[in-house]
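Please keep the sequence and the model in view while reading.

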Amino acid sequence: MKSTMQKIYFLWLRQIKKYFRSRSRIIGSLGQPLLFLLALGYGFGSVFAQAGQGNYLNFLAPGVIGMSIIFTAIFSGMEVIWDRQFGFLKETLVAPMPRFHIMIGRTLGGATVATMQGVIVMLLSLAFGFHPLNWWLVLPAVGVMFLVALLFTSLGTMVASLLDDMQGFQLIMNFLVMPLFFLSGALFPLQGLPALLAILARIDPLSYGIDALRVLLINAGHYGLGTDLAVLSAVTLAFVWLGAVFFRRLQV
Amino acid sequence: MKTMIEVKNLVKRFGDITAVDGVSFKVGGGEIFAFLGPNGAGKSTTIKMLTTLLSPTRGSVTLDGVDPVRDPERARRSFGIVFQDPSLDDDLTAWENMQLHGVLYDVPAAERNRRGQELLWFVDLWERRDDLVKRFSGGMKRRLEIARGLLHHPKIIFLDEPTLGLDPQTRNRMWEYLRELNRKEGTTLFFTTHYMEEAERIAQRIAVIDHGKIIALGSAAQLKRQTKTASLEDAFLSLTGHSIREESADPALDAMRAMRRRGFGH
Ligand SMILES: Nc1ncnc2c1ncn2[C@@H]1O[C@H](COP(=O)(O)OP(=O)(O)OP(=O)(O)O)[C@@H](O)[C@H]1O
Ligand SMILES: [Mg+2]
């Protein structure tokens, strides 16, 4: 038991160390959220206010936080491909431990990194004028971020276990990550959507993550916090399980 | 002598390539066994099946009585492996790579530190222990792979072309260390190499494999006697050269095989 925890901890620590060592990656991945806050946050601000929806930047910030989390999380999960290509994956796959534990260590590491990225974006959005309604609720919001990160890191691991190399990467970007982001209500309110869009948003797990963040940070949810957390937890469990199943089948 | 590795009719196909084609052999506990064969013969593929990285198309394997297909976790407790191609984490330091390995392989902390230090001295990397592996030269990375592979002391150690790209000093030192381990702890050693003198000097028995089949098996002396040659190199060439001549009946097939080997061989 103790040795299992230690193994998982070391695999987790490895991701964290790698994250802090790649400063260019941290800074690079902040460019996109900054652009969204600046261009959309300020650009649509007056239209949003005229439509009687209030402060767009406050509304947008949880969406942009969700965006940085889903991108970082899926990429972290997909690092399996990277480790496979550069060989390190073999070293872990022959270690005397269940593959499930390897997958858990990696996934917790990736999810932690994605959460940190989300927190950094939240701090940045403060500089743009975002202000949470209740500072005490920032802590549970970070908890929600971690849940969302865990969900999408598992999804990334699952996808990576099915791909042979980086060839399919662009495909995943365009047909999985982008739709998940744009259909999630990160950029627009979920109220009063056309039926098709409303359905798509309902299927998208990221919708619930961003909705939960909005409840906690600006007190403006659509599905309700209970539904959000129930859906997120169920989908996270399912994806961790699926990720583990596919990861176990991996051959090098 | 107890049987440590037993392989029966092992087959591995990748699409229409048969990489391993009905291989059978046994290795006893405490034995030093070598696999010789030209590029693409199926050596690495066999090792990957023995070490739970690939599942066999057909045939059976046991490691110390355990079937790696049926019970991979238990099988993994019995061996260590030095891979042919890189398997280090380039973004970690040499020391971190060693520590992570030690933890994953259940080496207790005190031993992990003691042996880690000893082995890094041994491969001349102690001074560079806190450098990121990506700053290492090819040979230094190789030395680190070896040091890491020796951090824990399993019953069987697989070494897939361990001396590839190593200078003679390190090569000799590594074999000394491994023989000592073999003598003291009775560790079974299974290695592949393209250096004939190495196989002759180190291995008690040698299997020559070509096109996925074992074409000869015995001590270096036996192989020389069997082929009526004076050196192991000549014996090897006479064994593997022969099969090339057979194939020349169909040059198109030969060319295709060669291409495949170039494309995939590693
Ligand atoms: N993942 C794979 N997919 C398809 N073919 C493969 C794969 N791995 C190996 N092969 C093929 O199997 C054959 C045996 O390869 P293997 O790596 O076992 O050779 P080897 O004896 O280790 O050669 P070398 O001395 O070059 O290391 C080769 O023809 C190779 O192209
Ligand atoms: Mg090989």
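## Basis of the description

A residue is called buried when its relative accessible area is under 20%, and exposed when that area is over 50%. The model described here is a predicted one.

## Two residues with positive phi

Most residues other than glycine have a negative phi. B:Thr52 has a phi near 70 degrees, a positive value in a residue other than glycine. B:Thr52 is located in the loop that runs between helix H1 (43-50) and strand E4 (58-63) of chain B. Is B:Thr52 buried or exposed? Its relative accessibility is 12%, so B:Thr52 counts as buried.

The other residue is B:Asn9, whose phi is positive at about 45 degrees although B:Asn9 is not a glycine. B:Asn9 belongs to strand E1 (residues 3-14) of chain B. With a relative accessibility of 51%, B:Asn9 counts as exposed.

## The sheet of chain B

In chain B, six strands make up an open sheet with mixed pairing, and their order is E5-E6-E7-E3-E8-E9. Strand E5 (79-82) and strand E9 (213-218) of chain B stand at the edges; each has a single partner strand, so one side of each is left without a neighbour in the sheet. On average, neighbouring strands of this sheet are turned by 15 degrees against each other, direction ignored.

Within E9(B), B:Ala216 is the residue opposite B:Val208. Helix H8 (residues 220-227) of chain B lies across E8 and E9 of chain B and runs at about 110 degrees to E9(B).

How many residues of strand E3 (residues 32-36) of chain B are buried? Five of the five are, so the strand is largely enclosed by the rest of the structure. Both of its faces are covered: B:Ile32, B:Ala34 and B:Leu36 are buried on one side, and B:Phe33 and B:Phe35 on the other. E3(B) runs parallel to strand E7 (residues 188-192) of chain B, and four bridges join them. B:Phe191 in E7(B) is the bridge partner of B:Ala34. E3(B) also pairs with E8(B) in the parallel sense, over four bridges, and B:Phe35 stands opposite B:Ala207 in E8(B).

B:Ile209 lies in strand E8 of chain B and counts as buried, at 0% relative accessibility. Neighbours within four places in sequence aside, the residues in contact with B:Ile209 include B:Phe35 and B:Leu36, as well as B:Val23, B:Gly37, B:Pro38, B:Lys43, B:Thr46 and B:Ile214. The C-alpha atoms of B:Ile209 and B:Pro68 are separated by 22 Å, and these residues are 141 residues apart along the chain.

## Cavities

The structure contains three cavities of 30 Å³ or more. The largest cavity holds about 70 Å³ of space. Its lining consists of 12 residues, and those nearest its centre are B:Ser44, B:Lys48, B:Phe83, B:Gln84 and B:Asp160. H1(B) gives the most to this lining, with three residues. By class, the lining of the largest cavity divides into four nonpolar, four polar and four charged residues.

The second largest cavity holds about 50 Å³ of space. A:Gln15, A:Lys18, A:Tyr19, A:Arg25, A:Ser76, A:Glu79, A:Gly110 and A:Val113 line it. H1, H4 and helix H6 (99-127) of chain A each give two or more residues to this lining. H1(A) gives the most, with three residues. The lining of the second largest cavity is made up of two nonpolar, three polar and three charged residues.

## The second largest pocket

About 770 Å³ of space lies in the second largest pocket. The pocket is lined by 31 residues, and A:Ser22, A:Arg25, A:Phe75, A:Glu79 and A:Trp82 lie nearest its centre. A:Arg25 and A:Glu79 are also among the residues that line the second largest cavity.

Helix H1 (2-21), helix H2 (23-43) and helix H4 (56-85) of chain A each supply at least two residues of the pocket lining. Which of the elements gives the most to it? H4(A) does, with nine residues. By class, the lining of the second largest pocket has 14 nonpolar, seven polar and 10 charged residues.

Notes
Residues numbered from 1 in each chain as written. Chains lettered and ligands numbered in written order. Predicted model: local features only at pLDDT ≥ 70, side-chain atom pairs only at ≥ 80, totals over all residues. Heavy atoms only, no water. 1 Å grid on protein atoms, 1.4 Å probe; cavity = no way out; pocket = protein on both sides within 12 Å on 5 of 7 lines; lining within 4 Å. Points joined across faces, edges and corners; volume = space filled by probe spheres on them. Nonpolar A, V, L, I, M, F, W, Y, C, P; charged D, E, K, R; others polar. Pairing = 2+ DSSP bridges. Axes fitted to C-alpha atoms, helices over the stretch in contact; angles between N-to-C directions. Contact = heavy atoms within 4.5 Å. Buried < 20%, exposed > 50% of the residue type's maximum accessible area, 1.4 Å probe, protein only.
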